[in-house]
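Dear colleague,

I am handing over the structure below, and after it I set out what was found. Please read the notes with the coordinates open beside them.

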Amino acid sequence: MSATPLLELRGIDKSFGPVQVLRDVAFTAHPGEVTALVGDNGAGKSTLVKCISGIHPTDDGEFLFEGRPVSINSPRDAAALGIEVVYQDLALCDNLDIVQNMFLGREKRSGLVLDEPTMEQMAAETLAGLSVRTVKSLRQHVSSLSGGQRQTVAIAKAVLWNSKLVILDEPTAALGVAQTAQVLELVRRLADKGLAVVLISHNMNDVFAVSDRIAALYLGQMVAQVRTTDITHSQVVELITAGRSGNLGLVEAGAGSAGTATGSTDTTSGAVR
Amino acid sequence: MTTTAVKKEGPAPVAPAPTVGNHIRDYVSRVRGGDIGALPAVLGLVVLCTVFAVMRPSFLTAGNFANLFTQGAAVTLIAMGLVFVLLLGEIDLSAGFASGVCAAILANVATVLGYPWYVAVLAAIATGVVIGTTLGVLVAKIGIPSFVVTLAGFLAFQGIVLMLMDDGANISIRDQTLVAIANRNLPPVLGWSLAAAAVAGYAAVQLLRYRNRAARGLLTDPITVVAARIGALALILGVAVYILNLERSRNVLFTSLKGVPIVVPIIAILLVLWTFVLQRTSYGRHVYAVGGNSEAARRAGINVDRIRISVFVICSSMAAVGGIVAASRANSVDPNTGGSNVLLYAVGAAVIGGTSLFGGKGRVLDAVLGGAVVAVIDNGMGLMGYSSGVKYVVTGVVLLLAASVDALSRRRSAAAGTR
């Protein structure tokens with residue numbers, strides 16, 4: 001696998017007022033790999049993603065992007081680096097069509113006028129590149145699409161800009177079986193195209209189906225980041241619910257392989273979100 | 001004729017070939033799915049015109065046809081601005097009296113201070129911009145609901161008109177250019193050339209787009225449909241200009257009265273301008289986006305507050321233009337200019353035309369179609385001798401009908417999964 005991770009976070013701390021949500025979190029995402037970010041509700045997954053995408057500033061810690069230290073202070077900074085987030089609620093405009101949604105806020109223009117043909121072509125190429133065959137017409141309003149198709153449009157929107165890191169927040173949460181399989185296939189294809197993909201999910205089947213690595217958060221601490229092949233289903237569940245499993249996880253049980261917690265095992269005052 | 005345009009093996013997803021049949025089927029299924037657009041307004045216009053023409057033959061005369069335009073002009077112009085505000089799901093209740101304030105400024109600058117007409121017009125429009133900015137900032141930055149902000153404006157502007165009018169005395173407009181806007185006509189030849197230019201311009205835009213898309217292997221509308229659209233526009237403009245160029249004077253020896261009223265090209269130019277802004281610029285795209293899902297727009301990096309302020313600026317500026325036309329038509333400005341039914345007629349025009357009160361859906365053309373419906377009702381019922389009381393009730397009922405069509409089509413499209 002590639003030597004330098006695309007994104008490396010070291011020692012990230014984040015508090016909202018008196019509540020410390022992330023403590024000393026380390027996280028890496030590698031190009032060509034799907035990294036699953038798991039954790040219980042309130043473990044800090046969403047906060048971590050919002051820190052990466054520049055919505056929340058971090059209190060402390062280092063960001064390395066392609067080995068270089070960077071600072072991400074706004075969503076624009078993140079987008080400039082090639083980091084795109086697909087949120088759970090997708091953020092699509094129902095009254096606009098697929099092309100219009102994909103280019104929203106970054107429309108191609110020739111002079112003052114929107115360059116619709118170019119946008120339509122680029123959208124078609126992107127969707128074709130992702131082997132998406134399910135949409136009938138690119139000029140369909142998003143309101144007429146199914147949940148899986150909307151997810152597809154949202155993901156295609158994220159990869160349209162030659163992005164390098166795509167973060168997907170629970171992409172399959174609201175989908176049926178067939179559509180989930182479709183979206184997971186798409187997630188896999190993104191990684192196979194060389195992108196780094198971070199997949200947030202509660203669904204262990206999804207996680208084991210597509211991910212190369214699993215990063216587990218427990219009450220704001222990164223308790224383990226390991227290869228999917230080196231861990232079992234039940235170990236991940238233990239990491240999510242108890243923060244440790246065998247020799248993985250919080251230091252109480254000895255040296256963790258990836259999670260080097262702050263040493264304190266007093267986690268009860270930890271994250272609420 | 002089934003025109004299968006030059007479709008190269010493009011990456012575009014395979015869609016049914018662009019035949020006329022498919023085009024019509026698409027349209028029908030869109031309408032059935034609740035996306036009815038301007039259909040009710042067009043049907044309503046046809047029905048109303050037929051009824052009035054049968055009941056009162058004088059409705060169909062060239063003179064009355066010209067009257068319709070000048071009567072409906074101010075309301076239509078205000079409605080065009082309101083479309084922008086409605087697209088965001090907001091409302092501007094102060095647009096009527098904002099037009100009154102701007103008209104009062106116009107009259108004061110032109111008549112009382114004696115400046116030339118263009119200074120007065122600029123002053124009026126600048127007043128509109130200031131009003132719109134104030135309303136927009138209050139709504140977007142402070143977060144007061146637009147209903148409340150503009151209701152406050154409705155009251156306050158009414159007072160400002162009174163103060164500008166020296167407590168009730170009306171000011172007459174004597175500048176001939178200003179009076180001409182709503183009272184004079186274009187020479188018949190100019191009317192024909194403008195109509196020809198409009199058709200030629202429309203045809204050029206449509207054909208260029210067709211060629212451009214076909215050359216890139218993108219899906220196009222069938223050329224027959226494109227040609228039909230151009231033909232329809234040519235027909236409508238041709239008939240309208242022909243009728244307006246007929247002699248309307250009762251006594252030709254005394255005075256000749258023919259030609260397209262000057263307000264008509266003014267409305268047409270503003271219609272084209274604002275349609276261009278909404279449909280073909282990224283600003284317009286962002287207006288629709290904010291109206292559809294403001295959170296998505298914000299995440300896409302669109303400055304939602306700026307869009308929100310800008311639509312109020314456009315609305316109040318268009319209200320200023322409407323005020324200028326109203327002042328010109330009345331030859332004077334009085335404390336009731338922009339008052340009474342103007343605002344509700346304007347909101348009604350936009351909604352009757354098919355602009356949704358829920359935001360995200362609407363076109364500037366809706367304001368013109370709806371404005372025509374309102375003008376026809378007002379004019380036709382006047383000809384039939386009904387009191388203004390009855391006219392208000394009927395217009396109110398029509399507005400209610402339009403709003404329920406809007407709400408029902410929304411429900412229908414929710415059920416059809418197209419929204």
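In chain B, helix α3 (residues 62-87) packs with helix α13 (residues 304-330) at an angle of about 175 degrees, their axes being 7 Å apart; axes here are lines fitted to C-alpha atoms, for helices over the stretch in contact, and angles run from 0 to 180 degrees between N-to-C directions. Because of that angle, α3(B) is roughly antiparallel to α13(B), a label given to angles over 145 degrees. Helices (H or I, at least four residues) and strands (E, at least two) are DSSP runs, numbered from the N terminus. Among the residues making the contact are B:A73, B:L77 and B:F84 of α3(B), together with B:F312, B:M318 and B:R329 of α13(B), where two residues are in contact if their C-beta atoms, placed from the backbone, lie within 7 Å. By class, the residues of this contact comprise 17 nonpolar, 4 polar and 1 charged; Ala, Val, Leu, Ile, Met, Phe, Trp, Tyr, Cys and Pro count as nonpolar, Asp, Glu, Lys and Arg as charged, and the others, Gly among them, as polar.

Please keep in mind that this is a predicted model, in which local features need pLDDT of at least 70 and side-chain atom pairs count only at pLDDT 80 or more, while totals for chains, interfaces and linings use all residues. Residues are numbered from 1 along each chain as its sequence is written, and chains are lettered from A and ligands numbered from 1 in the order in which they are written.

Turning to chain A, an open sheet of 6 strands has the order β6-β9-β10-β3-β11-β12, with mixed pairing; two strands pair if DSSP finds at least two bridges between them. Its edge strands, each pairing on one side only, are β6 (83-86) and β12 (221-227), and the twist from one strand to the next averages 20 degrees. Strand β11 (residues 213-218) of chain A runs antiparallel to β12(A) and is joined to it by 6 bridges; A:R213 has A:R227 as its bridge partner in β12(A). Helix α5 (residues 147-159) of chain A packs on the sheet, touching β6 and β9 of chain A, and its direction makes about 170 degrees with that of β6(A).

Finally, the contact between the chains takes 28 residues from chain A and 29 residues from chain B. On the side of chain A that touches chain B, α4(A) gives the most, with 6 residues, and by class that side has 13 nonpolar, 8 polar and 7 charged residues.

Best regards

Technical notes: Parallel < 35°, antiparallel > 145°, perpendicular 65-115°, else oblique.
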